[in-house]
Structure formats: C-alpha cells, structure tokens
Amino acid sequence: FGSSHFGSSPRVLEQRNFSVLDSHRLMMVASSCYPSCFEGLVGASSGATNVAGTTTKQSVENVRPLGSTGPVPVGRAQMVQLLRYELVFTGTPLAMASYPALAFRLRKANPTVLKSSLSMTLSEHPTCAGRLRGSAVALTGDGVPFAVVESSEASAPEVIDEVDLLKFADFRQPGRVKRGLEPLLTVKLTSFQDGSAILSLCRSHALFDGSSAWAFLADWGRAARGERLAAARRTFALLQALPDDSRLEELAQAELGRPLAGSLMISAVKAAFPVLCPIYDRLFLAGVTGDLTRPRLFFSHSELARIKAAATPASGDGWVSTQEALAAYILLTVARASLPAAARGVRAAAVFVLDARKALGFRSSDLLGCGLTFLTMTLTGLLQMSLSEVAGAMHEQAKTELSQEAIRRRWLLAAGAAEIGLEFDAMRKWQPRSADYDICLFLNNQSKRELPDFGEEGSGGEAESVITNAGPSLVLPAKGGVEVLLDPSTLKAARSRGARQAALEALRNEIPPQDAVDIKTCRAPVGTAHAGGA
C-alpha cells in the first residue's frame, strides 16, 4: 500500500511499496543479473539530488575539526577502540538503518554558521571526523562531507516525506564505511528560494545510535549559539562494562536458558551480507524496495491525553505511561480492525527499543554506537480485553520486563556475545517469531527528543519538523503532538490492501472522544495528568 499520512491534514503519496518478500526476491534477481556490482554507491553520488528543474547548484566541502591542519595518515592516527556490539549493524543493508538519516526543516539556513559550528563540534567529538579501521576509529581528521544544494523550488516542504530522504540525505554504503573507504558522518543542506531549508545528517550506526545522534545535534546547536557543549566523549568505562566469560555464561543461562551457541544459518547469512547488501542498497536508493514508505499517523497532544486517560485502569497503580497507552491503543485497534471479532486467544507482542545508558550507570549524554537493547511484553486474548485492560497488563509486565535490571542484563548479554561473534544468537529470543504472534508492535520511541536549534542566525531558531528512516515503528516529535511511522509488520494481521487501509483509518477514527474520557475519569481534563513515558 502507498505511504499514507493520517491526522489533521491527511494526504496519500502514490509510491509503490513492495512487500518484504518482494524485496528479497528483487535482491536475489539483482544478484544473479549483476554479479559484478558489489562495489556500488561510491561517495557523494549516493546522495544525488539533481532532479531536472529542481536543483540549480551543488557544492561539497569537507568540514574538519577546528584547528586541524589536515588529515593524518591512518598508520599514525590515534585509535579509539569500539565494542563489537557497536559494529553489528555495519554489515547490514541501508534498509536496516545501518547508516540512517535524520532530516529537519529549518525556517532559514546559514551555511557559513552551520559549517563553522560543525567544525567546533567535531573538535570535541573527533571520532566523527575519523574513519573505521577494523574494530576501531582512526582519528585521521579526514572530516565530514558537507553538501550544499540550492533548489529552484519555492519552499521546503512543511512535512518531509520519508521517501524524500533519498534526495535530501547523503547516504553511504555501509560496507564501504566498514572498510574505511567512506566517512562515518555526512551532512547535506538543501536550501529553497524563500530561504527555508532541509538539513540532513547521516551517520554510521558504529558511530552513533539514535540517542547519540540527537545528543550530537544538540551539541552542534550549542556551538552555533555560542554555548558550552554538553555531550560526553567516549570513555574507557564502556569497555570496562563488558562481562567476563563466567558472567556472560551466567547471563546466557538466565536470559536464554542455555549457553550461547553458533548457528550455521546465521553464519551463512552473515557471510552473504557483504555480497548481497551492496546490490540491495542500490535498489533501496533507487526507491524500488518500498523501505521508505511506512504509513504515518499524527496524534495531537490532546488526542494522546485522551488515549492515555481511556487506557488508565481503575485498579492497580491507577496510572500508565503515555508510551504504554499508545502501544496498547495501536495493538488493540489494529487487531479489532483486522481480525474476526469472535477470535479468541489472539496473541500480541510489544517490543520496545530502550536506551541502556541509565541502567549501565553511563551518562545520558555518552556517545556510543549501540547503547540500546530490546525488551518484549506479550498478551493473550487481546480481543476479549478493553483498552485499559491491555494498557494495565502492559504496565504490570513493564515493572519486571522493562525494569532497569532487565535492561542492564539484556545489554550486557548482547554486548558480551558480540565480542565472541554470537550477538545474533543472544538477540534471537528478543525478536518475536511471526508464527508465534497474531500481531506485533516493534516500537522505537523518540518523541521526547528536542529538535535542534542552531540559533537565529544559523537556522532561524528551532527546527520545525523531523523525519528519519530509523525504525522499526517510530514515534517522533511533531508540532502540536507526535507522528507515528508504522513498520508494515504491525499490519500483518490485515491480509489485504483494503484491510490495511481500514486498520490505519481506525487508528484515527477510534480515538476516544473527550466526553467519553470525562465520563470515564470523572476528573479534570487530562491535559494536566501525570507525564507519561512518551
């Protein structure tokens, strides 16, 4: 189905979206037809935006750390050791967010201010200007490519469509980044005739996870505003956090019920990635795989408050987080719209992408490539439950399944297993198998991120909107509320295009009305209720 935007201003983009199976078939066809194109996606050409009639000028400058006298040969460069867990995504396709983009609409943009402040930021975070060498970053000072495109179009889009990342972002092929042939970070600025602009940042997942990318952007904004930078450099505490062999064995027994073990299938997949990924990445950048066409829904702050009020149970704590309420609402609404009303024993899973920094004793501003982990909650009999019962059950499970101790154990197991090449075995249990659940929501909540502000001179104040191809399902901050980009797997219970469309429309149409919320809660308007997790 096409990429759709549901909310206060509905619109539909006519982009063909292949299924995952179609994408895999394309990949196999391409590998048989083009066996010699493994080294594709070289340099800035991968971020080409020259569409006839829309671009008038493009230039690229390599921005280096402030005070840098030029690149240092790799053999003489200082090395910063990475965790092997941080390198997990470097061998995967662009479609798996191995080199994801963050793009922002700016009211205006001053390239000089943005470049000079980026240079200052790179001097505090020199890994961004280096290159990968094995399992370390060589602090070569090669810099960050900063492309500037002048568009002949009148104004930047108010809402950036996900598929438009293909023209606004400068993606690089992850395999070449892994071999040190491409930068760890790229920046692209597209300016429009009225002065508005789209600023995008792409980065290797070995360099930054989502939290780190937002922290880096916040520091870049501080530099542009003349303020003190706050994000923390990497420390040896990260390496020291890794479990030793005996502790890793204990974690595996506790979390998996068995020792870590290799798999011929996983080994074969890992061996095939370097061959097939460049081919699939070509198809991804050509826009034919459908990976950048997730359905997109807008929920206002008022609507979120009504969902949360309706999802709050009268028993137990008498409280749920906004994240729990929204996840429960999505699961229940999609199930009701997609499955027979009389269906019993419907199995549901909610998987949350969580930041492990607090659980590990790290600072929230610590920059690393994989400070995340995944935790799962499950429900049975979904269609026989009310919204408050679903949210309440999730809240009770979260006390143990999403506790700081659970987050810490999961991260230590994955990071420790990665050091011996068994990270996929450690993470296998965390991804629900399609056959085990009727409906699954895999949620990455970034709604509390602060949009970057490069100052009045640099960007005309805070960025006005954001889009990223991080996933799987994503919650992003938006003006007056949040936007939800749903991974297609969330809608697997809807067997036809019409059923999927109906499920998406239900997510907008079934939001509890204010009068129903007031009757249920018998209290003041919920806009002043407890702050939720989202």
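Are Glu303 and Arg508 buried or exposed? Both residues are buried. The tour of this predicted model begins with them.

**Stop 1: Glu303 and Arg508**

Select Glu303 and Arg508 together. Their side chains meet in a salt bridge, with 2.8 Å from N to O. This pair links distant parts of the chain, for Glu303 belongs to helix α9 (residues 301-311) and Arg508 to helix α16 (residues 497-509), 205 residues apart. Side chains of opposite charge can pair when their charged atoms come close. The structure holds 27 salt bridges, and two further examples follow.

**Stop 2: Glu255 and Arg409**

Next, select Glu255 and Arg409. A salt bridge joins these two residues, and their closest N and O atoms are 2.8 Å apart. Here too the pair links distant parts of the chain: Glu255 is found in helix α7 (residues 245-256) and Arg409 in helix α13 (residues 404-419), with 154 residues separating them. Glu255 counts as buried, at 8% relative accessibility, whereas Arg409, at 25%, counts as partly exposed.

**Stop 3: Arg172 and Glu182**

Now select Arg172 and Glu182. Their salt bridge brings the closest N and O atoms to 2.7 Å from each other. Arg172 sits in the loop between α3 (165-168) and α4 (174-178), and Glu182 in the loop between α4 and β9, so the pair ties together parts that are 10 residues apart in sequence. What is the relative accessible area of Arg172? The value is 5%, and Arg172 is therefore buried, since the cut-off for that class is under 20%. Glu182 is buried as well, with a relative accessible area of 3%.

**Stop 4**

Select residues 185-191, which form strand β9. This strand is mostly covered, as 6 of its 7 residues are buried.

β8 and β9 run parallel and are joined by 5 bridges. Within the β9 pairings, Val187 of β9 has Phe146 opposite.

Lys188 can be found opposite Ser200 in β10. Which residue in the turn of the β9 and β10 hairpin has a positive phi? That residue is Gly195, with a phi of about 95°, and the hairpin has 5 residues between its two strands.

**Stop 5: Phe216**

Select Phe216, a residue of helix α5 (residues 210-224). Phe216 is buried, with a relative accessible area of 0%. Which residues are in contact with Phe216, leaving aside its neighbours within four places in sequence? Among them are Leu118, Thr121, Leu122, His125 and Cys128. The list also includes Leu185, Leu201, Phe208 and Leu367.

**Stop 6: helix α10**

Finally, select residues 322-338, which make up helix α10. From its first C-alpha to its last, this helix of 17 residues reaches 24 Å, close to the 24 Å expected at 1.5 Å a residue. Why is α10 described as largely enclosed by the rest of the structure? The reason is that 15 of its 17 residues are buried.

Technical notes. Residues numbered from 1 in each chain as written. Predicted model: local features only at pLDDT ≥ 70, side-chain atom pairs only at ≥ 80, totals over all residues. Heavy atoms only, no water. Helix = DSSP H or I, 4+ residues; strand = E, 2+ residues; numbered from the N terminus. Expected span 1.5 Å × (residues − 1). Buried < 20%, exposed > 50% of the residue type's maximum accessible area, 1.4 Å probe, protein only. Contact = heavy atoms within 4.5 Å. Pairing = 2+ DSSP bridges. Salt bridge = Lys/Arg side-chain N within 4 Å of Asp/Glu carboxyl O.
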